[in-house]
Amino acid sequence: MIILPSVYTVSAALVLLASVHLSCAFLSSPSSPVAIKSSARSTINYLPRSPPSTPSCRVTATRQQATSAPLHDTSLSLGIAAIDKALPALSPLFSQLRSLPYFSLYSCDMLGSCEYMPQELFECYTESCEIYPVDDDDVPPAIKTDDYNEHEFELDGWARWDMPSDDYYSTLQFPEDYTGYDGSEIWNFIHSRIGFHDGATREDEYDADDWKADFNKAVSGLHAMVSAQVVRGIKEKIAETGGEGIDTNSYQWTDPVVEFERRLGPHGETPEAVENLYFTMMLLLSGVKAARDRLLADCDSGKIGEGNEALKAILSHPPMDDPSIDAAVRRLKEHALKDTNSLWEARMRTRDLMRIMNCVQCNKCRFHGKISTLGLSTALQLAVGHRGTGGDVEKVHRVELAALVTSLGKFSSGIELCLEMQ
């Protein structure tokens, strides 16, 4: 499931493809097993109620640079273009954030039991599955204090992090990696049981006029990010062997091209996977923008520590103020406001999404899976809150802010991989 933090430079390019018209990545496994065939789905366009005053005409790409699959929700096209354009500058900044304890250290329960399915205990496929706590002296006292003081949570809130302990794990010491772990059982449960399949989502799982479809799309985007990171990990493993290939006795997936096509290709198991990947990244970008003042205040107060120039550069980067990036969160909010009495289901399912990470039997995968899930949950919390109008950023915990920004870096790396594979 896990992926290396290596940054691959994407060639700067215009991201609108020839097919345009004018109008005013935990778990390594296949993509969603309940995906709806793209051929049976119509292209939709969730237009903003108040379109930007400039430009006067809107250029909408019906295809994406990172995949040849058609774009179903064309309102995402300008945001996708903005992300692709920004990645060469943003990705190195996310890599730099790994050196800051604020974003790399998490007190995580690695011994939590699985509550959703019976499991047999077994050793992970490779030694790379294991992670170990950092030395106590390596954890800044301020982080321990903040995490302890912020341990309380709302019973009906969004995903809740593990209770803080003396054991902290580092994404810098244990970055994402291709471990060979097969998380298909976990992903099957997530898509079939935690995802929504009632009402309008019966006909259109990802793009129905319903917040439940938005939830499904965001979770599918999370899965696509993990799949992209698996493919990157396979490429890294091959490079480590000098091109000789991967040991098939330890790793069941050894061909990055085959795995990319299966997991993320337009004719793969989820043809809409890459679009969903962008959708979720837009939610995360909007979440970081909503938390920008809080993050800057933590920079000024010293909470984030020295060397926070990379974070400030991210927060001031053009996509943070590009209205096209908000297409995903705008769509989600509009749907949520139509059905505020049912939003408790979104919070409950997000808590389930976090807890099922305890069923992951690769510790490195579990660790990074929890961080990514918390990042998505924080983005949803800030976008929707309890009544569809958004959450209070002042109530967001340190670990949630850290996971939000860290997850954004993971998605940046995942999209870069998709661009590379074209």
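**Cysteines and disulfides in the predicted model**

Cys108 has a relative accessible area of 4% and is therefore buried, a term that here means under 20% relative accessible area, with exposed meaning over 50% and partly exposed lying in between (1.4 Å probe, protein chains only). Cys299 likewise counts as buried, at 7% relative accessibility.

The structure is a predicted model, in which local features need pLDDT of at least 70, side-chain atom pairs count only at pLDDT 80 or more, and totals for chains, interfaces and linings use all residues. Residues are numbered from 1 along each chain as its sequence is written, and side-chain values use heavy atoms, with hydrogens and water left out.

A disulfide is a covalent bond between the sulfur atoms of two cysteines. Here it is assigned to a pair of cysteine sulfur atoms within 2.5 Å, and this rule gives two disulfides.

One of them links Cys114 and Cys359, with 2.0 Å between the sulfur atoms. Cys114 lies in the loop between strand E5 (105-106) and helix H3 (141-149), and Cys359 in the loop between helix H11 (343-355) and helix H12 (363-384), so the pair ties together parts that are 245 residues apart in sequence. Helices (H or I, at least four residues) and strands (E, at least two) are DSSP runs, numbered from the N terminus. The link of Cys114 and Cys359 is right-handed, with 80° about the S-S bond. Cys114 is partly exposed at 22% relative accessibility, whereas Cys359 is buried at 0%.

Another disulfide joins Cys362 to Cys365, with an S to S distance of 2.5 Å. The link of Cys362 and Cys365 is right-handed, with 70° about the S-S bond. Both Cys362 and Cys365 are buried.
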